[in-house]
Amino acid sequence: MGSGNVEVIQYLVDTRGLWPGATKTKELETEASRALALLNEEEKKAVLRYYFVADAKMSLASHLLKHWVVSKYAGVPWRETKLTRDEKTKPVYVDPATGKQPVAFNVSHQCGVVTLVAVSGYDGQVDVGTDVVCTSERRTRDHRVVNTEGWGKFVDMHADVFGRSEAVYLKSDLLSTQAGLPNLARGEEIVDFKLRCFYTLWCLREAYVKMTGEALLAPWLKDLEFKRFRAPQPGKEFVQLPDGELVGTQEIIKEHEILFHGSKVTDANICLRSLGPDYMTCSAIRTPQKKEDALGWDLGPYEFLTMDQILSDAEARLGS
C-alpha cells in the first residue's frame, strides 16, 4: 500500500480574463475554438449550455483540467483520457488495462476561479476534494438579506447544509470566538466579517463532502460538524505563498476539529488557505486503508496554471 512516487497536485486557473472577445456563451465557439476542440461532443454541449458566459468559461476550464491532469500525470494520450463516473457519480479515470485509477482528482469553481486537486502515483484508494469560495461575489445580496431580515435569518436560509451545532454557532458565538475582527468594527465591517466566517465553514464542508464522493444533499450532512473552525485572515495579494513565507499571518489553517456522528475524524488531511482578500481554497485528502499516508502529505499552496500551458500540453499529447 502506498508508493514512493506519490505526487500531490494543486492548481488553479483564473478564467476572468480569458477569451475577452466572447460576451455571450455562443461566441465561445469561435473565441475559444482551440480549447473546445479538445473536448468531446458531450462536453462541448455541456459548456455551451450555460446562459452566462462567465459560467461557461469556468465549465470549459474545469473539463480541460480533468483531462489535463490525467494525460500529464498518468501518461495517457489526450484522446484516450475517457472520463467516467464511479458509483457515487464522481468523475474518474479508470485505466482500461488495470482497472485502477492512476490519478484521483477533483475540481471546483466560483467567481471565475477554477481549482484542481489531484494525487497521482498512489497504490491504493485515495479520496480528494477541493473547493473555492469568494466571500464578496454575492456581497450586495448577502448584505441586503442581513440588513432587512437579520443575520439569524440569513444563516437559517442555509441551515440544511450545516451540521447540527454549526448554524447555532454561526448565530451566537461567532464574534466572541473568532479572531480577526478589528476592535472598532461597526456596521458593514461586522457583516463582512460574519460572512467571511460563514463562507469559511461552507468551503471546509464542501471540500470534505466532495472528498467523500457525496454531494451537499448527502443524508448525513447534519452529522458532520466542524467545531471551533477558524477563518483565515485575508491575503494581501492574489496568490498563495509557500508556508514559510506566511509565518504568523494566519492565512493558512491546517488543524481542524471535525466530528462525524459525534466521533472525532482523524483520517482527513485538510488545508484551508486565503487567496487574496476575498477568495479561499480548501483541499481535503484521505487514504482510507492507511490513513497515515495522506496525513503525511504536505498540502502546499495552489499554483496558477495558464490556459496557454494547458492547451500546449494537450496538443502535444494528442497522439502520444
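**Figure 1. An open sheet of 4 strands.** The 4 strands follow the order β6-β12-β11-β8, and their pairing is antiparallel. Strands here are DSSP runs of E with at least two residues, helices are runs of H or I with at least four residues, and both are numbered from the N terminus. Two strands pair if DSSP finds at least two bridges between them. The edges of the sheet are β6 (127-134) and β8, and each pairs on one side only. Strands β11 (residues 269-275) and β12 (residues 279-286) run antiparallel and are joined by 7 bridges. Look for N269, which stands opposite I285 in β12.

This is a predicted model: local features need pLDDT of at least 70, side-chain atom pairs count only at pLDDT 80 or more, and totals for chains, interfaces and linings use all residues. Residues are numbered from 1 along each chain as its sequence is written, and side-chain values use heavy atoms, with hydrogens and water left out.

**Figure 2. The largest nonpolar core.** This core has 42 residues. A nonpolar core is a set of buried Ala, Val, Leu, Ile, Met, Phe, Trp, Tyr and Cys residues joined through side-chain atoms within 4.5 Å. Buried means under 20% relative accessible area, exposed means over 50%, and partly exposed lies in between (1.4 Å probe, protein chains only). W151, L170, Y208, F226, F229 and I270 have the most contacts inside the core. Several elements supply at least two residues each, including α5 (139-149), α6 (151-156) and α7 (166-172). Helix α9 gives the most, with 13 residues. Leaving out residues up to four places away in sequence, L170 touches W151, V155, F162, F198, L201 and F229. Contact means heavy atoms within 4.5 Å. Another core lies apart from this one; it has 37 residues, among them A61, W78, F105 and L116.

Figure 3. The structure holds 16 aromatic pairs. Rings of Phe, Tyr and Trp (its six-membered ring) pair if their centres lie within 6.5 Å; planes under 30 degrees apart count as stacked, over 60 as edge-to-face and the rest as tilted. Y11 lies in strand β1 (residues 7-14) and W68 in helix α4 (residues 53-74), so the pair ties together parts that are 57 residues apart in sequence. Y11 is buried at 16% relative accessible area. W68 is buried too, at 2%.

**Figure 4. A tilted pair, F198 and W202.** Here the rings are 6.2 Å apart, centre to centre, with 35 degrees between the planes. Both residues lie in helix α9 (residues 188-212), 4 residues apart, about one turn of the helix. F198 is buried, with a relative accessible area of 1%. W202 is partly exposed, at 24%. Ring pairs also link W151, F154, F162, F198, Y199 and W202 into a cluster.

**Figure 5. Charges over rings.** A charge sits over a ring if NZ of Lys or CZ of Arg is within 6 Å of the ring centre and within 35 degrees of the ring normal. R16 lies over the face of F238, 4.9 Å from the ring centre. The charged end of K72 sits over the ring of Y73, at 6.0 Å from its centre.

Figure 6. Most residues other than glycine have a negative phi. T89 has a positive phi of about 70 degrees. T89 is in the loop between β2 (84-85) and β3 (91-92). R228 also has a positive phi, of about 50 degrees. R228 is in the loop between β7 (224-227) and β8 (252-253). R228 is exposed, at 62% relative accessibility.
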